[in-house]
Amino acid sequence: MGLETLKIDDFQLHASTMKRYGLGAHRGRLNIQAGLYEDDLHDGAWCAGRDDPLQWFEVDARRLTKFTGVITQGRSSLWSSDWVTSYKVMVSNDSHTWIILKNGSRDLIFSGNREKEIPVRNIFPTPVVARYIRVNPRSWFSGGNICMRVEILGCPLPDPNNYYHRRNEVTTTDDLDFRHHNYKEMRQLMKVVNEMCPNITRIYNIGKSHNGLKLYAIEISDNPGEHEVGEPEFRYMAGSHGNEVLGRELLLLLMQFMCLEYLSGNTRIRHLVEETRIHLLPSVNPDGYEKAFEVGSELSGWSLGRWSHDGIDIHHNFPDLNSILWEAEARKWIPRKMFNHHVPIPEWYQTKNASVAVETRALIAWMEKMPFVLGGNLQGGELVVTFPYDKTRSQGVTREQTPTPDDHVFRWLAFSYASTHRLMTDANRRVCHTEDFAKEDGTINGASWHTAAGSMNDFSYLHTNCFELSMYVGCDKFPHESELPEEWENNRESLLVFMEQVHRGIKGVVRDLHGRGIPNAIISVEGINHHIRTATDGDYWRLLNPGEYRVSARAEGYSLTSKKCEVGYEMGATRCDFTIGRTNLSRIKEIMEKFNKQPIRLPVRQLQAHTSRERRLGT
């Protein structure tokens, strides 16, 4: 019904008693997560003020509803072990007269939980129609207290006059496939999109999962399969945590939407497709997804399917390049011994014995192959956009603002997604779990939330040209199918606006005096201690906020060239091309190598002619 997704608001939840406010009825939602400390204002369950069989947890559906079942969990806590082992269920139409569900003439007692995290579902023998429903704990874990997290299963009955329903109802006009897709169905849907729009789509795979499932991506471009000089490359990926399913479905919806809108002549979508090479990778961890999909959206809990088949968190499985860069900065090795960008992967990480998932290795190869400029990875369980750095610079500190040299750009990119999301920046929305990110405009520096070494975002920024952010697109990691249309409406505009940001800043081509593009040339911006490099054809893209910048281009064997480049407020990157010539030293080296590093000896006749010419000129 929506306790986990927050469709049921706090005022609809009541309880007989509560231990304290942080354990009140408003915290009795399936999969809600506790704060780090035991007495946190936002704790991990409803807990009764007394441990006796007279306690109850109540939901007011605000309209007649056909109730079909209940799902329960124990308390989310690092320190306590609390769960209910059996309970009765009561229903009412007025909240005064209650009817207990019965098995014949006896009260029906449902089996509850055996531990605190795995959800347990009980389906009623026959559905019951009522407005209110209560769960009445009858027994609980002997070493703990009465604590519950709950989801109610049921369907509201049609009532066009119901004010609360009309106020909260969100509908979509997009004719898309709103359902969960297993691996086979996902592949089939991508194939359908490709067949509908063969001129602008291409399906390819970047590798395989541990269990041999191909990691499929779809490219959307007016010239699929080809990098066009001057056209930036963008990527969305989802499902690095296999149980965070909403991102996967959003990308499947996005590819359908872009195909249909392109065919219908939508000028905005056509411009995106014609000016950008877009890559969508909906399932980074298909092995984990299949585990979560098998048990379903309500029973997968908070972590089933999160990790790869061999137990690795793919999103945080990348090499820790932050420590390498920061140590080099402390030793003053930059730029003499090391660059401030394209930090190399350490050798130990590339060995066969390193704890690196095959999915991570496939992602790294993909990120190195494509000249991505901007990327977003969709995650779940929260409503916030995070940006690098994700690792705190101070050792032993779990939370600390750790900005990149491009902090202002990252903040704008994060805000562009959050501010166009239907809920992220809504100051009146209820927090998903413990953090009120709406106070921060729906964005946060990753390290100031919780430190994490080896994140995908930090690696992308330090090893490639690509600025990567994480979008936590919903409180519920695995929403029910019926919630997908509303979640699409919540995220659709944000998904498009963020893609459009790839055209913000400057772009150009670095060429030599003969007009040939120079690959791997370094583009630096005065005042920003992070450079980028040109792609194979000499083209580059540098994300920047509006302003005037002194930009330089240099390459090995070429002279440094600088110019002023101005970035305006209108959408569209400013053109800023460079032509650079060879240095005298490199030309001498080239000539020396041509003559096998021997002194240049002129032929005898040429030398005699040269001498007689000098004599005639009187020199």
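On a 1 Å grid over the protein atoms alone, a cavity is a set of points where a 1.4 Å probe fits but cannot get out. The model is predicted, so local features need pLDDT of at least 70 and side-chain atom pairs pLDDT 80 or more, while totals for chains, interfaces and linings use all residues. Residues are numbered from 1 along each chain, and side-chain values use heavy atoms, without hydrogens and water.

**Cavities**
- Four cavities of 30 Å³ or more are found in a search of the whole structure.
- The largest cavity holds about 90 Å³ of space, a volume being the space filled by probe spheres set on the grid points.
- Its lining (residues with an atom within 4 Å of a point) includes His315, His316, Asp390 and Trp449.
- The lining residues of the largest cavity comprise three nonpolar, six polar and one charged.

**Aromatic pairs**
- Rings of Phe, Tyr and Trp (its six-membered ring) pair if their centres lie within 6.5 Å; planes under 30 degrees apart are stacked, over 60 edge-to-face and the rest tilted.
- The count comes to 24 aromatic pairs.
- Tryptophan 326 and tyrosine 389 form an edge-to-face pair, at 5.5 Å centre to centre and 85 degrees between the planes.
- Both tryptophan 326 and tyrosine 389 are buried (under 20% relative accessible area, 1.4 Å probe, protein chains only).
- Ring pairs link Trp326, Tyr389, Phe410, Tyr461 and Phe467 into a cluster.

**Charges over rings**
- Lysine 477 has its charged end over the ring of tryptophan 302, 3.9 Å from the centre (for Lys, NZ within 6 Å of the ring centre and within 35 degrees of the ring normal).

Notes: Buried means under 20% relative accessible area, exposed over 50%, partly exposed in between (1.4 Å probe, protein chains only). On a 1 Å grid over the protein atoms alone, a cavity is a set of points where a 1.4 Å probe fits but cannot get out, and a pocket is an open set with protein on both sides within 12 Å along at least five of seven lines; lining residues have an atom within 4 Å of a point. Ala, Val, Leu, Ile, Met, Phe, Trp, Tyr, Cys and Pro count as nonpolar, Asp, Glu, Lys and Arg as charged, and the others, Gly among them, as polar.
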